Structure formats: C-alpha cells, structure tokens
Protein chains: 2
Amino acid sequence: MLETVNEMHYELRVVGIVESPLVDVAAAPAQGDEDGSDAWIAMGAQYLPAMRDLVVGERVIVLTWLDRGDREVLAVHPRGDPTRPRQGVFSTRSPDRPNPIGLHEVEILAIDGTRLHVRNLEAISGTPVLDVKPVLGPIGSR
Amino acid sequence: MLETVNEMHYELRVVGIVESPLVDVAAAPAQGDEDGSDAWIAMGAQYLPAMRDLVVGERVIVLTWLDRGDREVLAVHPRGDPTRPRQGVFSTRSPDRPNPIGLHEVEILAIDGTRLHVRNLEAISGTPVLDVKPVLGPIGSR
C-alpha cells in the first residue's frame, strides 16, 4: 500500500492569513503560551459560512502552514539550541519538517465579520491559515 | 494581504499510510476515544531519521489527510445527525471541510522499523499520514 504514496497529490487551500505584531521569525516564541501575541486572523470571505458558529470566549485549534519551515530537514536541535542533541523532527514541534503544519490552541477574543481576534498565537504575520477546529470536550458534549 | 491567498500553492507530502481493521468510513467512530481501533502506521523509509526518537508509551498527535472528506462543504449536521441543526465546519470536527486534516492523539504501543503501532486511531485503513508531533508537556520540559 505504501508504494502508492508517491502518486498521491493533495493541494492545500489557504483559508486565511495571520495578521500579527510578530513579524520576525527569529524573535517569535516557540509556543503561544511563551509570550505569543494576540493576533487577528483574516479569513477569506467565501469561508464565512464555515465560521458562523464560532463564539467569543471559545477555545479553538488553529492550523497554520509554517511557510518558512525547511521541508527537507528530518532532525533538528530542539528549540534551536545547539547544545541539545539533534532529534528526529517527529519528536519535536520544529517548523522544519516534511509538512510544516502548526497547531495553535487559542481563545477567541473577538469576531468581526470574517476576522477573528485570538489570544497568544505564536505564528508570524503573513502565515497562511488552513483550518479552525473546536477543542474537544467530554464525549457526551460533542 | 488576503488578496494574495489565491496565489499560494502548497502541496502535501504523504509520509505514511494507516493500516487498520477499520475499512468502512460509515462504520468508523467519530473520534478515537469512541471505539477507535489499534492500528499500524507504515511510514515511508525515507522518514526513518525523523522517527528515530519516538518512544513506546509516548503520546503523540498524528496528523492525517481525511481523503474521503468533501472539501466544498462549509456547514454540516454535527456527527451526521440530521436532527441537529447545521453548523459551520470550523465549529465541528467533520472530515468535510476545506482542508480535511485529521488530528489524532494516540499512544505508541510498538515501533518496528518504520512501522508504528498506535492505540485508538479512528482513521480508516489507507488514510494518508502527514505528520507526527509530540504532545506538549509543561513549559520547562520542552
């Protein structure tokens, strides 16, 4: 079955863009709970029907495409610290990986049409957004 | 900035494939903690260096591409239940969404070369795998 992998082609759709005071990838925190910035996500107008049940105060998972990531890298020094031994990227949250998809759990602070204001997003301004998903509650509440 | 969205093109790399007793999408559970099945993930041989620090017993997040999802759908009846009002897909975990990326938090049960055995994965057999990430511990442990 694995032999068919190279014949699979899937193209992402960018559904929104991060607008943030964070503009310098070198200065961005590794994770949003480490001094991430409040940021806006500008969603494409065509995705308004997909957003219509989002609620201020809700926690959601924002998926981004970390487009500065190096897709050829398979092992990194964790957190860019050269004194730490190199680790396989599947054991790290490094943006350098075959598919640089970022996961960001954030709180929605405000909603203005197709724009979402969220707390503590570590992605830099201009980062493409791929998806927004609810954080799962207990089984009975889904 | 949003005007440039339609000019962005990103292609995914399939890094592995799910091998599972679950073969029927209609019978698959909505989430892995609702009777998901133990499953194998067969990773491409070229990704062995990225896997080398994965450990049996560890919890990881597996990202999949839910290739049966309908990418044109923006609102769905939650959990496919027609008695529940339609919701925007960004408020659901439906596989029908612009980018049908699945998030699965699982425990690694065994590692055999480039094959990972994991507990409670709800994706059906043949589902492409995009990434494996560690579940983040407390800030000091990263």
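Why does E72(B) count as exposed? E72(B) has 8 C-beta neighbours inside 10 Å and so counts as exposed; the class requires 12 or fewer other C-beta atoms within 10 Å, whereas a buried residue has 20 or more and a partly exposed one lies in between, with C-beta atoms placed from the backbone. This is a predicted model, in which local features need pLDDT of at least 70 and side-chain atom pairs count only at pLDDT 80 or more, while totals for chains, interfaces and linings use all residues. Residues are numbered from 1 along each chain as its sequence is written, and chains are lettered from A and ligands numbered from 1 in the order in which they are written.

**Surroundings of E72(B)**

- E72(B) lies in the loop between β3 and β4 (75-76) of chain B; helices (H or I, at least four residues) and strands (E, at least two) are DSSP runs numbered from the N terminus.
- Although 25 residues separate E72(B) and R97(B) along the chain, their C-alpha atoms are 6.8 Å apart.

**Architecture of chain A**

- Chain A contains 1 helix and 8 strands, in the order β-β-α-β-β-β-β-β-β from the N terminus.
- Of the 142 residues in chain A, 37% are buried.
- Contacts are pairs of residues whose C-beta atoms, placed from the backbone, lie within 7 Å. Among those in chain A between residues at least 6 apart in sequence, 72% join residues at least 24 apart.

**Strand β3 of chain A**

- Strand β3 (residues 59-65) of chain A is mostly covered, with 5 of its 7 residues buried.
- β3(A) runs antiparallel to strand β6 (residues 101-112) of chain A and is joined to it by 7 bridges; two strands pair if DSSP finds at least two bridges between them. Within β6(A), G102(A) is the bridge partner of T64(A).
- β3(A) is also joined to strand β8 (residues 128-134) of chain A, in the antiparallel sense, through 5 bridges. There L63(A) stands opposite D131(A) in β8(A).

**Barrel of chain B**

- In chain B, 6 strands form a closed barrel in the order β1-β2-β7-β6-β3-β8, with antiparallel pairing. The twist averages 45° from one strand to the next, with axes taken as lines fitted to C-alpha atoms and angles running from 0 to 180 degrees between N-to-C directions.
- β1(B) pairs with strand β2 (residues 37-43) of chain B over 4 bridges in the antiparallel sense, and G16(B) stands opposite M43(B) in β2(B).

**Nonpolar core**

- The largest nonpolar core has 60 residues, and V62(A) and V62(B) have the most contacts inside it. Such a core is a set of buried Ala, Val, Leu, Ile, Met, Phe, Trp, Tyr and Cys residues joined through C-beta atoms within 7 Å.
- Leaving aside residues up to four places away in sequence, V62(B) touches I41(B), H104(B), V106(B), V118(B), L121(B), V129(B) and V132(B).

**Interface and symmetry**

- The contact involves 51 residues from chain A and 52 residues from chain B. On the side of chain B that touches chain A, β8(B) gives the largest share, 6 residues.
- That side has 30 nonpolar, 9 polar and 13 charged residues.
- Because 98% of the interface residues of chain B are also interface residues in chain A, the copies meet through the same surface.
- Chain B superposes on chain A by a rotation of 180° with 0.0 Å of shift along its axis (RMSD 0.0 Å), which is the relation of a two-fold axis. In chain B, the C-alpha of E11(B) is nearest the axis, 2.3 Å from it.

How values were computed. Two residues are in contact if their C-beta atoms, placed from the backbone, lie within 7 Å. Ala, Val, Leu, Ile, Met, Phe, Trp, Tyr, Cys and Pro count as nonpolar, Asp, Glu, Lys and Arg as charged, and the others, Gly among them, as polar. Copies are superposed by least squares on the C-alpha atoms of residues with pLDDT of at least 70 in both.
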